[in-house]
Amino acid sequence: MSADSSPGLAGETPARSAAAQPPLPPVMSDVEVRRSPRRSRTVSAYREGDRTIVLIPARMSEAEEQRWVGVMLDKLAAQESKRVIGDGALAERAERLSDQYLGGRARPASVRWVTNQNTRWGSCTPAEGSIRLSHRLQGMPEYVVDYVLLHELAHLLVPGHGPRFWRLLESYPRTERARGYLEGVAAAERLPHLPAAREE
């Protein structure tokens, strides 16, 4: 596997790692695929403004292209989320998400990371306008953090989890994927820990 360590850039060699990759997620409209006849084996991706550019070999089939776009989107998201953002940037992100998905109606008084939430991903106190995200989200893909943040923002508008609440989240395109990711993490945490393999 080859990977560029610069921010916002990911690289892979399909021949060696294709079998171990997860299934392809839906391709987003802000992705541009560029085929290169000079590129024979590697696939790489980087951010260019609001777009993601994925570079692939020209000979790659449409099915391979679709699968590798998904792989590289996940790889970039994982790289970006490792750069932990502070509370100030988290508050800015909340404002952006509110503007984009909730018409700017959710305006929290404070948004911050906390280390005392081990059984929930986030919490909200509507009376105070405060949102807290568990530090366990740090290192997860950005779309997962954004989903939890948006979930808590929606609670500023609707306290419970009734139909009105879930309608607020319908506009976020990665709701189901983020929920599936978090359910997978929660399920893995409940699995019994296997003993380490003995060395012969």
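Glutamate 65 is buried, at a relative accessible area of 10% (buried means under 20%, exposed over 50% and partly exposed in between, using a 1.4 Å probe and protein chains only). Its side chain meets that of arginine 35 in a salt bridge, 2.7 Å from N to O (a salt bridge being a side-chain nitrogen of Lys or Arg within 4 Å of a carboxyl oxygen of Asp or Glu). Since glutamate 65 lies in helix 2 and arginine 35 in strand 2, the pair ties together parts that are 30 residues apart in sequence. Helices (H or I, at least four residues) and strands (E, at least two) are DSSP runs, numbered from the N terminus. The model is a predicted one, in which local features need pLDDT of at least 70 and side-chain atom pairs count only at pLDDT 80 or more, while totals for chains, interfaces and linings use all residues. Residues are numbered from 1 along each chain as its sequence is written, and side-chain values use heavy atoms, with hydrogens and water left out.

Arginine 35 also forms a salt bridge with glutamate 62, at 3.8 Å from N to O. Here too distant parts of the chain are linked, with arginine 35 in strand 2 (residues 31-36) and glutamate 62 in helix 2 (residues 62-82), 27 residues apart. Arginine 35 is partly exposed, its relative accessible area being 34%, whereas glutamate 62 is exposed at 52%.

Helix 2 has a further link, this one to helix 6. Aspartate 74 pairs with arginine 177 in a salt bridge whose closest N and O atoms are 2.5 Å apart. With arginine 177 in helix 6 (residues 175-190) and aspartate 74 in helix 2, the pair ties together parts that are 103 residues apart in sequence. Both ends are partly exposed: arginine 177 at 23% relative accessibility and aspartate 74 at 21%. Elsewhere, Glu32, Arg34 and Arg51 are joined in a network of salt bridges. Seven salt bridges turn up in a search of the whole structure.

Turning to helix packing, helix 3 (residues 87-101) and helix 4 (residues 142-157) pack at about 70°, their axes 10 Å apart. That makes the two helices roughly perpendicular (65 to 115 degrees; under 35 is roughly parallel, over 145 roughly antiparallel and the rest oblique). Axes are lines fitted to C-alpha atoms, for helices over the stretch in contact, and angles run from 0 to 180 degrees between N-to-C directions.
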